Amino acid sequence: HFGSRALLQLAIPRLALQELLRTAHQRWPRLKKARDTQADEGENLAEMATVEGGKGRSPRGIRSSLSGMVQGAAAAASMAQSPLRRRSSSLGSGKGSLDESWEVGGKYQIKSDSLQMWAGPENNEVVGELFRDDIVLLLRWVQVVGRPQLGFVLPAGGVPGWVPLQDWYSPGDGPVHKVKMPGSWTMGARYAVISEATVREDRMISSEWVAELVPGDEVLALELTINEGDDEDNKIRLRMKISTDSGTVGWISPQTARGEMLLHHVNLLGSEVVDIVRKSVAVTRSNSLMKLSSWKSTTSNTSEESSPQPGAKQRSYTPGQTMPWEVNGQYRVLEATKLKETHLLTSRDICRVPAGALATILRLELRPTDFCPVALVTIQGDGYLNGCKGWIRCTSTEGHDIIDFRDQHQFIKVQARLA
């Protein structure tokens, strides 16, 4: 029974099924012996505890072991579901992305009718209440001994507090959808500024001035937290530690207290930038974001066709100046291009590299015939492309970027510099 009907109903992957069937086959004689022994009249618990080869396991423990196997099988079946199926089962709207773990900076939706917020992970003083469909920003999460996972969250326009992320009696479930909503922040991501912002020395708004950012600037997200209500209105503000290309490091507000974005939500290091490049027109790097102030928030009424987008096609290299790419840097390929055996234009093609693949630069040169910057790279991609090595051009014949100038390793390099 255990090795046939129960397991088949769980739709377990083949490898997991084989492993569980093997375990069940090994344990079944001992489990059957325990069942028969339990049925004997006059058998006591002390005698039953010797069934598992003198290991001191009682029938209750054996039944618990069997129950644990079934629960583990159910968990394996759940993990085996396709991403599309799991996403659709998590939220009816299908929006957002399913995460294996909680992510700081992620925006999540409350699914309980009512959820109290506490003053601390071990302080049950109630500081607020959340309701179904409320959106909260996760600032921190911890695992406290004897308790489910707890998260420190910031609701839009509300007071921050701690909430349980898991159910007390069912750790696989919880009062918060484990689906990252659109508009979430990602540490290590790169964002475009869409509103003038002041960079300060510390997370406190009253701290020393460092610099000013203007629409079109780009920043790297390093850390996310809140101030302590030290502004004029004593309001809690979301604060982000950022780094700029000029090396400036400080704190800004990525959104208002009501949740309005001051940075555009597109991660310029992500694959989304490839789709934007396809729709954009060539512009210079100094004006790559083209009047981003015309769409200060994602709720702007300006149409997509008339609104410039972050990450548009650009010319980041000017002949006679330093190349924006660096050896050992990793960059995203923005347009499909050919991988060649040598840096020469007439060399043999190895394969075609699709847009969105990542390339680690091993060497940089200017081609002698047309002075086009070319790079010896190793490709990080899917299937046969992964690990391919060859030469690709960094810019097109028109001069716009084929290899993005944004280094995927920028977060690691900045962290090492600040350490």
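I began with contacts (heavy atoms within 4.5 Å): among those in the chain between residues at least 6 apart in sequence, 56% join residues at least 24 apart.

Housekeeping next. This is a predicted model, where local features need pLDDT of at least 70 and side-chain atom pairs count only at pLDDT 80 or more, while totals for chains, interfaces and linings use all residues. Residues are numbered from 1 along each chain as its sequence is written, and side-chain values use heavy atoms, with hydrogens and water left out.

**Overall**

I find seven helices and 22 strands in the chain; these are DSSP runs numbered from the N terminus, helices being H or I with at least four residues and strands E with at least two. I looked up burial too: 43% of the 419 residues count as buried. Buried means under 20% relative accessible area, exposed over 50%, and partly exposed in between (1.4 Å probe, protein chains only).

**Aromatic pairs**

My search of the whole structure turned up four aromatic pairs. Rings of Phe, Tyr and Trp (its six-membered ring) pair if their centres lie within 6.5 Å; planes under 30 degrees apart are stacked, over 60 edge-to-face, the rest tilted. For F152 and W162 I get ring centres 5.3 Å apart and planes at 35°, so this pair is tilted. F152 sits in strand β6 (residues 149–155) and W162 in strand β7 (residues 161–164), so the pair ties together parts that are 10 residues apart in sequence. F152 is buried at 18% relative accessible area, and W162 is buried at 5%. W185 and Y191 have ring centres 5.1 Å apart with planes at 90°, so I log that pair as edge-to-face. Both W185 and Y191 are buried.

**Salt bridges**

I count 13 salt bridges in the structure, each a side-chain nitrogen of Lys or Arg within 4 Å of a carboxyl oxygen of Asp or Glu. One of them joins K180 and E103, with the closest N and O atoms 2.9 Å apart. K180 is in strand β8 (residues 179–180) and E103 in the loop between β1 (97–98) and β2 (107–109), so they tie together parts that are 77 residues apart in sequence. K180 counts as buried at 14% relative accessibility; E103, at 22%, is partly exposed.

I also checked D113 with R132, where the closest N and O atoms are 2.8 Å apart. D113 is exposed at 55% relative accessibility, and R132 is partly exposed at 43%.

Last, I noted a network of salt bridges linking R190, E218, D245, D404 and R406.
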